[in-house]
Amino acid sequence: MNEVNVLDLTTAALGLAYILLEYRASAWMWAVGAVMQLLGIVLYYQKGLYADCGMEFYYLAMTAYGAWRWRKASGNAVLSPAAGEERGLPITHIPFCLALLWTGIALSLWAAIWYILAHFTDSTVPVADSFTTALSLVGIWALAHKYLEQWLVWIAVDIVTCWLYFTKDIPFKASLYGLYVVIAVAGYLRWRRQMQAETKKNS
């Protein structure tokens with residue numbers, strides 16, 4: 001097994017741990033994510049997925065921000081014995097005005113990254129690579145704020161990324177993203193139930 005395959009397998013394992021922690025709304029996902037992103041920088045550069053490689057640096061910054069925001073909201077909160085979840089920052093819907101703003105930002109980013117990849121790199125998949133990059137930039141921001149709709153963003157990203165990684169011969173992570181789609185759907189339903197329970201409790 002060569003170095004790239006080792007990186008593929010390792011980041012796939014970390015990615016699975018990450019999304020399962022995200023499913024449980026556990027702040028431990030930020031630590032796992034940081035390691036995964038550092039290894040992802042190396043993997044994506046070697047595979048010529050330049051937008052994905054550059055995105056990992058943004059992910060690292062948002063990981064630090066998200067960990068800080070969740071920790072600040074949680075304060076001295078401890079794990080819930082029954083649910084195994086960390087309480088603190090509540091799950092909420094993204095405000096409509098922000099949803100419109102970030103939709104516009106995502107479309108603008110997609111167009112800009114698509115142009116850069118198509119004209120200044122040797123990327124063979126500029127449309128798909130720029131699409132997943134643009135949506136992921138929005139998705140990680142929404143996750144840092146614990147918006148329910150972040151799962152909808154990741155479902156779209158995961159479907160396209162699954163196809164993209166198979167075409168770029170990264171089979172472990174491609175399979176992982178197929179599993180991500182299933183977990184993301186389950187995560188959306190779980191977070192929605194938790195949000196409804198929190199709203200009912202506080203009303």
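Here are some questions and answers about the predicted model shown above.

User: Before we dig in, what average pLDDT does the protein chain have?

Analyst: This is a predicted model, so local features need pLDDT of at least 70 and side-chain atom pairs count only at pLDDT 80 or more, while totals for chains, interfaces and linings use all residues. Residues are numbered from 1 along each chain as its sequence is written, and side-chain values use heavy atoms, with hydrogens and water left out. pLDDT is the predictor's confidence in each residue, from 0 to 100. Here 91% of the residues score at least 70, and the chain's average is 86.

User: At what angle do α4 and α5 pack?

Analyst: Helices are DSSP runs (H or I, at least four residues), numbered from the N terminus. Two packed helices are described by the angle between their axes and the distance between the axes. Axes are lines fitted to C-alpha atoms over the stretch in contact, and angles run from 0 to 180 degrees between N-to-C directions. For α4 (residues 96-120) and α5 (residues 126-144), the axes sit 8 Å apart and the angle is about 145°.

User: How many residues of the contact of α4 with α5 are nonpolar?

Analyst: The contact includes Trp 102 and Trp 110 of α4 plus Phe 131 and Trp 141 of α5. Ala, Val, Leu, Ile, Met, Phe, Trp, Tyr, Cys and Pro count as nonpolar, Asp, Glu, Lys and Arg as charged, and the others, Gly among them, as polar. The contact's residues divide into two polar, one charged and, for the nonpolar ones, 17.

User: Is Thr 161 buried or exposed?

Analyst: Thr 161 is found in helix α6 (residues 150-167). Buried means under 20% relative accessible area, exposed over 50%, partly exposed in between (1.4 Å probe, protein chains only). Because its relative accessibility is 4%, Thr 161 counts as buried.

User: Which residue's backbone oxygen does the side chain of Thr 161 reach?

Analyst: Leaving aside neighbours within four places in sequence, Thr 161 is in contact with Thr 132 and Tyr 177. Its side chain also reaches a backbone oxygen at 2.7 Å, and that oxygen belongs to Val 157.

User: What is the phi of Ala 25?

Analyst: Ala 25 lies in the loop between α1 (3-23) and α2 (29-46). With a relative accessible area of 0%, Ala 25 is buried. Although Ala 25 is not a glycine, its phi is positive, at about 55°.

Notes: Helices (H or I, at least four residues) and strands (E, at least two) are DSSP runs, numbered from the N terminus. A polar contact is a pair of N or O atoms within 3.5 Å; within protein, one must be able to donate a hydrogen and the other to accept it, and residues adjacent in sequence count only if both atoms are side-chain atoms. Contact means heavy atoms within 4.5 Å.
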